[in-house]
Amino acid sequence: MRILVVEDEIRLASLLRRGLTEEAHAVDLAGDGEEALAWTDVGDYDAIVLDIMLPGIDGLEVCRRLRRDRVRTPILLLTARDSVGDRVAGLDAGADDYLVKPFAFAELAARLRALARRPPETYDPVLAAGEVRLDPASRRVWHGGDEIQLPNKEFRILEYLMRHPNRVLTRPMIAEHVWDYDFPNVTNVIDVHIRQLRRQLNDPYPGGLIETVRGAGYRLSAGS
Ligand code: CA
């Protein structure tokens with residue numbers, strides 16, 4: 001494999017290069033985000049090891065820009081601490097996996113092998129259904145060419161529906177994912193938010209993007 005390692009800590013960077021070269025990979029090193037983007041502009045990599053904490057453009061931003069430019073190379077993020085926020089931000093930015101420092105080299109090598117085997121299908125971080133597009137990372141929604149401002153709950157309901165197209169999602173499922181807990185009285189509240197959402201998306205009912213499945217819940221119809 002041809003691998004780009006983006007890491008500003010020189011000791012770790014050269015350690016990774018030596019280890020990966022010994023495993024018969026071709027390795028390029030970048031010391032910051034700008035250099036990483038310059039390399040990926042000219043090189044076709046099979047995997048990128050990307051540290052989050054970099055001088056200048058950080059790893060998350062590098063990741064976002066690559067995905068925006070339709071670069072689908074698997075990205076393994078390196079994070080300094082095991083924080084849920086970092087992991088979520090990393091996956092939202094379009095990374096495929098992450099590793100918390102310090103890590104064993106054998107684990108990094110194994111993760112890279114796993115990423116290389118994975119089919120390139122889910123790398124586009126922007127969700128799309130019909131005329132609607134949603135970017136979880138920047139928390140933006142568009143209908144056709146127009147950006148729509150959605151309140152927080154409506155945004156999270158729509159994101160949840162869009163991550164599970166053509167599937168019936170029950171009100172308790174929606175409650176758990178959007179309110180973070182199972183709150184029985186929330187079902188009426190969900191109906192109200194769905195009505196709001198339809199209105200804001202100019203989504204006709206019935207027969208629009210968000211279907212009501214009688215006695216069950218809601219389903220986002222994203223075609224076949
Ligand atoms: Ca660093």
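Which residue of E12 does Val 213 stand opposite? In this predicted model, the residue opposite Val 213 is Gly 217 of E12.

**The antiparallel sheet**

Strand E11 (210-213) and strand E12 (residues 217-220) pair in the antiparallel sense over four bridges, and they belong to an open sheet of three strands in the order E10-E12-E11, with antiparallel pairing. The edge strands of this sheet are E10 (168-170) and E11, each of which pairs on one side only. Neighbouring strands are turned by 35° against each other on average, direction ignored. Helix H6 packs on the sheet, where it touches E10, E11 and E12, and its direction makes about 65° with that of E12. Helix H7 lies across E10 and E12 and runs at about 75° to E10.

**The parallel sheet**

An open sheet of five strands has the order E2-E1-E3-E4-E5, with parallel pairing. Strands E2 (26-30) and E5 (97-100) stand at its edges with a single partner strand each, so one side of each is left without a neighbour in the sheet. From one strand to the next, the twist averages 20°. Strand E4 (residues 75-79) pairs with E5 in the parallel sense over four bridges, and Thr 79 has Val 100 of E5 as its bridge partner. Helix H2 (residues 33-42) packs on this sheet, touching E1 (2-6), E2 and E3 (47-51), and its direction makes about 140° with that of E2. Helix H3 (residues 59-68) lies across E3 and E4, running at about 150° to E3.

**Two helix pairs**

Two packed helices are described by the angle between their axes and the distance between the axes. The table gives these values for two pairs.

| Helix pair | Angle | Axis distance |
|---|---|---|
| H1 (residues 10-22) and H5 (residues 105-117) | roughly 60° | within 11 Å |
| H6 (residues 152-163) and H7 (residues 171-178) | about 120° | 10 Å |

The axes of H1 and H5 cross at roughly 60°, which means that H1 is oblique to H5, and their crossing is right-handed. On the H1 side the contact is made by Leu 16, Gly 19 and Leu 20, and on the H5 side by Phe 105, Leu 108 and Leu 112. By class, this contact has five nonpolar residues, one polar residue and no charged residues.

H6 and H7 pack at an angle of about 120°, which makes H6 oblique to H7, and the crossing of H6 and H7 is right-handed. Lys 153, Arg 156, Ile 157 and Tyr 160 of H6 meet Met 173, Ile 174, His 177 and Val 178 of H7 in this contact. The residues of the contact between H6 and H7 divide into five nonpolar, one polar and two charged.

Asp 8 lies in the loop between E1 and H1, whereas Asp 51 lies in strand E3, so the pair ties together parts that are 43 residues apart in sequence. The site therefore involves a strand of the parallel sheet, E3, which is also one of the strands touched by H2.

How values were computed: Residues numbered from 1 in each chain as written. Predicted model: local features only at pLDDT ≥ 70, side-chain atom pairs only at ≥ 80, totals over all residues. Heavy atoms only, no water. Pairing = 2+ DSSP bridges. Helix = DSSP H or I, 4+ residues; strand = E, 2+ residues; numbered from the N terminus. Axes fitted to C-alpha atoms, helices over the stretch in contact; angles between N-to-C directions. Contact = heavy atoms within 4.5 Å. Parallel < 35°, antiparallel > 145°, perpendicular 65-115°, else oblique. Left-handed = near helix turned anticlockwise from the far one by under 90°. Nonpolar A, V, L, I, M, F, W, Y, C, P; charged D, E, K, R; others polar.
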